[in-house]
Amino acid sequence: MVEWTAEERAAIQGVFNKLDYESVGRESLTRCLVVYPWTRRYFGGFGNLFNAEAIMANPKVAAHGIVVLQGLEKALKNMDDIKNTYASLSEFHSVKLQVDPVNFQLLSDCLTVVIATRLRTEFTPDVQAAWQKFLAVVVSALSRQYH
Amino acid sequence: MSLSDKDKSAVKALWSKIGPKADEIGAEAFGRMLTVYPQTKTYFAHWADLSPGGPQVKKHGKVIMGAVGEAVSKIDDLVGGLAALSELHAFKLRVDPANFKILAHNVIVVIGMLFPGDFTPEVHMSVDKFFQNLALALAERYR
């Protein structure tokens with residue numbers, strides 16, 4: 001089981017308190033699709049993803065960004081058992097969506113960068129450490145049901 | 001994933017903005033790396049003080065970012081331009097190349113923090129590619 005210190009819990013909650021899901025979700029997914037363009041393979045039904053401007057303006061990208069952050073919120077609310085909380089979500093990504101788990105880390109890194117641009121100096125090294133630990137647990141849980 | 005002319009222009013343009021703060025970026029990124037990825041501290045066990053604001057960390061951050069600046073000026077031939085640095089890392093320092101990506105991530109986070117308006121998704125892509133090519137050039141002499 002993952003151990004969280006009181007400081008880590010506070011740091012992670014603190015980040016979430018400042019997150020505008022719409023803005024951060026949209027930009028994180030946009031960055032992922034722009035910085036790692038091969039990730040577009042998973043979004044064939046999203047319409048125009050041909051360049052950064054199109055991706056940024058794409059309403060399906062915006063909507064999906066929110067979905068992703070809502071999923072992360074579930075992990076936040078179940079921090080002491082993310083593994084089991086995410087069991088069906090992991091199976092969904094593996095069996096239905098067939099997403100290579102490498103991509104979880106790519107999106108995770110983009111999310112971290114976007115949060116850094118929003119929180120700026122509030123995103124201290126300790127907050128970053130706690131946040132990335134949280135994301136690492138999420139990524140691990142999402143990657144579990146691959147057989 | 002070699003650097004296109006557009007990538008090179010983007011990196012040089014960003015550097016002209018962030019270059020003046022290179023020392024600060026380097027110190028911050030290096031300090032963060034040691035905190036967020038504690039396994040990287042294993043390379044600095046001989047240092048007295050590994051705290052983010054400490055003098056050795058700040059000094060080394062400056063050294064690192066200085067080298068990044070040099071790489072920007074040699075962006076047309078990173079392998080040739082970084083040959084000496086690659087020899088140093090390969091034979092003396094022997095830092096596992098996996099760590100280059102880790103450091104690059106932290107530099108990117110700090111650039112995002114300090115220059116959010118300039119660090120657009122497209123610039124982010126070019127910078128990510130630049131660091132990837134820089135890492136390859138640095139690892140050139142490893143084996």
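Q: What makes the count of salt bridges between chain B and chain A zero?
A: A salt bridge needs a side-chain nitrogen of Lys or Arg within 4 Å of a carboxyl oxygen of Asp or Glu, and the count of such pairs between chain B and chain A is zero. This is a predicted model, in which local features need pLDDT of at least 70, side-chain atom pairs count only at pLDDT 80 or more, and totals for chains, interfaces and linings use all residues. Residues are numbered from 1 along each chain as its sequence is written, chains are lettered from A in the order in which they are written, and side-chain values use heavy atoms, with hydrogens and water left out.

Q: How many residue pairs are in polar contact between chain B and chain A?
A: There are ten, with both residues at pLDDT 80 or more. A polar contact is a pair of N or O atoms within 3.5 Å; within protein, one must be able to donate a hydrogen and the other to accept it, and residues adjacent in sequence count only if both atoms are side-chain atoms.

Q: Why is A:Leu89 called partly exposed?
A: Buried means under 20% relative accessible area and exposed over 50%, with partly exposed in between (1.4 Å probe, protein chains only). A:Leu89 has 31% relative accessibility, so A:Leu89 counts as partly exposed. A:Leu89 sits in helix H6 (residues 87–96) of chain A.

Note on methods:
Helix = DSSP H or I, 4+ residues; strand = E, 2+ residues; numbered from the N terminus.
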